[in-house]
Amino acid sequence: MIGCSYQKKKESACTDSTLYGYVSICLPEIGGMTECRAHASVQAVIQPYLASGPVLGYYLNNETYKQVDKLNEITYEDYFMIYGDYQRENYAAQEADLDLAEKALEETLFDGTHFDRISSRVEADYGTITAGQPALLEKYSRHRNVRTMIVLMKYKNGENETSVVSAVDFVLVKNRLFNLAYYVAYSGGKSIDDAKIKNDAFVEKLLQLN
């Protein structure tokens with residue numbers, strides 16, 4: 001009876017969900033942010049990502065969301081994106097796959113040969129230039145089903161150069177492996193600490209709901 005009661009409470013907390021392959025993933029509500037993956041302007045932004053996998057969730061902070069109709073005209077940071085891989089959406093992933101996926105991304109971003117190739121693709125697809133190789137600031141795992149990398153990267157768009165802190169999470173839920181990424185403008189050490197706190201809180205809510 002206790003187990004049934006807990007399960008009902010857990011299910012009732014899910015107000016938004018999305019399918020990853022045949023599995024339903026519950027998306028958390030995040031204070032100060034709006035999930036808006038279905039909005040036409042967001043669909044235009046995420047279109048390049050859809051070539052390799054589905055975007056399961058996209059969260060803008062509420063101030064940016066007020067300008068959601070103008071996303072292609074403004075520069076914004078402070079957003080989350082949950083995304084998957086078409087090749088993995090019905091693959092029964094295990095904990096070991098988290099480490100393999102993390103290692104693969106680490107080689108892509110921080111090995112010079114791989115990075116030059118990925119940088120050229122980013123420029124062609126998104127119109128932004130990665131102004132220098134990214135820096136891996138930290139790796140950690142606060143949960144057995146999550147691996148987190150904190151990355152600092154510079155982007156150049158025209159004459160404007162921006163430094164961005166990104167928390168990239170590999171998440172294993174219901175035997176499905178997908179990514180959660182949080183992007184925020186870099187403004188010193190505190191912005192890194194704040195990004196980690198906000199990212200870890202999101203991960204915790206995601207795991208609780210699923």
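A disulfide is a pair of cysteine sulfur atoms within 2.5 Å. This is a predicted model, where local features need pLDDT of at least 70, side-chain atom pairs count only at pLDDT 80 or more, and totals for chains, interfaces and linings use all residues. Residues are numbered from 1 along each chain as its sequence is written, and side-chain values use heavy atoms, with hydrogens and water left out.

**View 1. Cysteine 14 and cysteine 26 form a disulfide.** The S to S distance is 1.9 Å. The structure holds one disulfide. The torsion about the S-S bond of cysteine 14 and cysteine 26 is about 125°, so this disulfide is right-handed. Cysteine 14 sits in the loop between helix H1 (2–12) and strand S1 (17–20), while cysteine 26 belongs to strand S2 (residues 23–26), so the pair ties together parts twelve residues apart in sequence. Helices (H or I, at least four residues) and strands (E, at least two) are DSSP runs, numbered from the N terminus.

**View 2. Three cysteines and their cover.** Buried means under 20% relative accessible area, exposed over 50%, and partly exposed in between (1.4 Å probe, protein chains only). Cysteine 14 is partly exposed, at 27% relative accessibility. Cysteine 26 is buried, at 4%. Cysteine 36 is buried, with a relative accessible area of 4%.

**View 3. The protein chain around these sites.** The protein chain has six helices and ten strands. Of its 210 residues, 40% count as buried. Take contacts (heavy atoms within 4.5 Å) in the protein chain between residues at least 6 apart in sequence: 58% join residues at least 24 apart.
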